[in-house]
Amino acid sequence: MREHAPDLRVSFCGIELRNPVLAASGTFGYGVEFEEIVDMRHIGGFVTKGLSRAPMAGNAAPRLIETSAGMMNAVGLQNMGVTAFVEQKLPAARRLHCALVTNVFGATIDDYCAVIQTLNAAEGIAAYELNASCPNTQHGGMVFGTDADLLRELVCAAKAVARRPLIVKLSPNVTSIATMARAAADAGADAISAVNTFVGLSIDASTRRSRLSNFTGGLSGPAIKPLALRMVYEVSRAVSIPVLGMGGITSPEDVVEFLLAGATAVQVGTASYADPRAVEHIARGLSEWCQQHNVSRIAELTGALDRTESKSPPPAKA
Ligand SMILES: Cc1cc2nc3c(=O)[nH]c(=O)nc-3n(C[C@H](O)[C@H](O)[C@H](O)COP(=O)(O)O)c2cc1C
C-alpha cells in the first residue's frame, strides 16, 4: 500500500474536478434534493435532470420498473423548466461544493438554444450537457442523436450560443456510435457523454401488455455495462475530445474499467436508486482502490487499457 493519498483530480474540458465521479442526469434531481444524503465534498460533481424551455409533466405511471441486473424507465423528461430551475434551485445548487453540470434538451434546435441562453445568464454552472439521446419522448433528442447530419446541425447551433463547455450526450441506439461522436466533435463539441439508456421492452405475460405506460423504455444499470464500456472505448478512439463514461457503474472498480476504456470521468446513475449515497461511496472507494493497486494519479488510467491478447484458459481435460 502507498503511504500518500492518491491524486484523484482530473481536468475535464477545462473543468477541474476533485475526482472523476459525477452523479448522472435524471438520477440526482437538481442536486439540492441530495444535500442531506450525499456529502458533496467527496464527489466530483453532478448533472441535473434534463431542462427544457417550458415545464414538462413527463409520462404517466408506470414509468420505472426493475429488470434483471438493471431497470427500465420511461419518465419522459419530467422537469420544472429552465426558468424555474434558475430561480428556485440554482441558488442553492451552486453552493454544493462540487461541479454542477446542467443537462439540456428540446424538441427543436431553437428550443435547445433558448435553454442554453437562459442558463448563460446564470452563475455557478460548470458546463452544459446536451441530451441528444433520450429514448422516452417524441421530443427528447433521440431524433438528433441517431442522425449524424441533424446532430451536427444541433451541436453547431448550440456551440454558437453556449458560453460554457458543451458536452454532447450520445445515444447508444445507433449502428456506429463512433460516427455520431465524430459528427459531434466536428461540429465543435468540447466533450462527449456516453451513453444514455438502451431502448427496451418489458412484457407482462399474464396481461399480455407492456409493463410501461409509454410501451418502450430505456434500460440502464449493470445490465448495460459491457455494452457501454465497448461504446466508450470506440468513442474515445474516434475523437480527441474527452469522454464522460457511464452505464451500470456500481463500484470503484467499475469506474476504473471506464477510465481504462478511455473515459476521463464517469457518471453514476441507476446505482443511486438502490443506494442514494452510491455516488459518494464509489468516489470514496476510488482512493482505496488506487492505493491498493499502486496508482498515484488517477488521470494516468485514462485509455490505459492493455490490448495485448488475454491469456487463454488451460485446455480442458479430456
Ligand atoms: C430514471 C432515469 C432518468 C433519466 N433522465 C435523464 C435525463 O433527463 N437526461 C439524460 O441525459 N439522461 C437521463 N438518464 C440517463 C442517465 O443519465 C444515464 O445516462 C443512464 O441511466 C446510464 O447510466 P446508469 O446505468 O448508471 O444509470 C436517466 C436515467 C434514469 C434511470
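I began with secondary structure: the protein chain has nine helices and 16 strands. These are DSSP runs numbered from the N terminus, helices being H or I of at least four residues and strands E of at least two.

I noted the ground rules. This is a predicted model, where local features need pLDDT of at least 70, side-chain atom pairs count only at pLDDT 80 or more, and totals for chains, interfaces and linings use all residues. Residues are numbered from 1 along each chain as its sequence is written, and side-chain values use heavy atoms, with hydrogens and water left out.

Next I checked overall size. The C-alpha trace spans about 60 × 50 × 40 Å along its principal axes.

I then looked up burial. Of the 318 residues, 55% count as buried (under 20% relative accessible area; exposed is over 50%, partly exposed in between; 1.4 Å probe, protein chains only).

Last, I went through the cysteines. I found zero disulfides in the structure, a disulfide being a pair of cysteine sulfur atoms within 2.5 Å. For Cys13, the nearest cysteine sulfur is that of Cys98, 16 Å away. Cys13 is buried, at 18% relative accessible area. For Cys113, the nearest cysteine sulfur belongs to Cys156, 11 Å away. Cys113 also counts as buried, with 11% relative accessibility.
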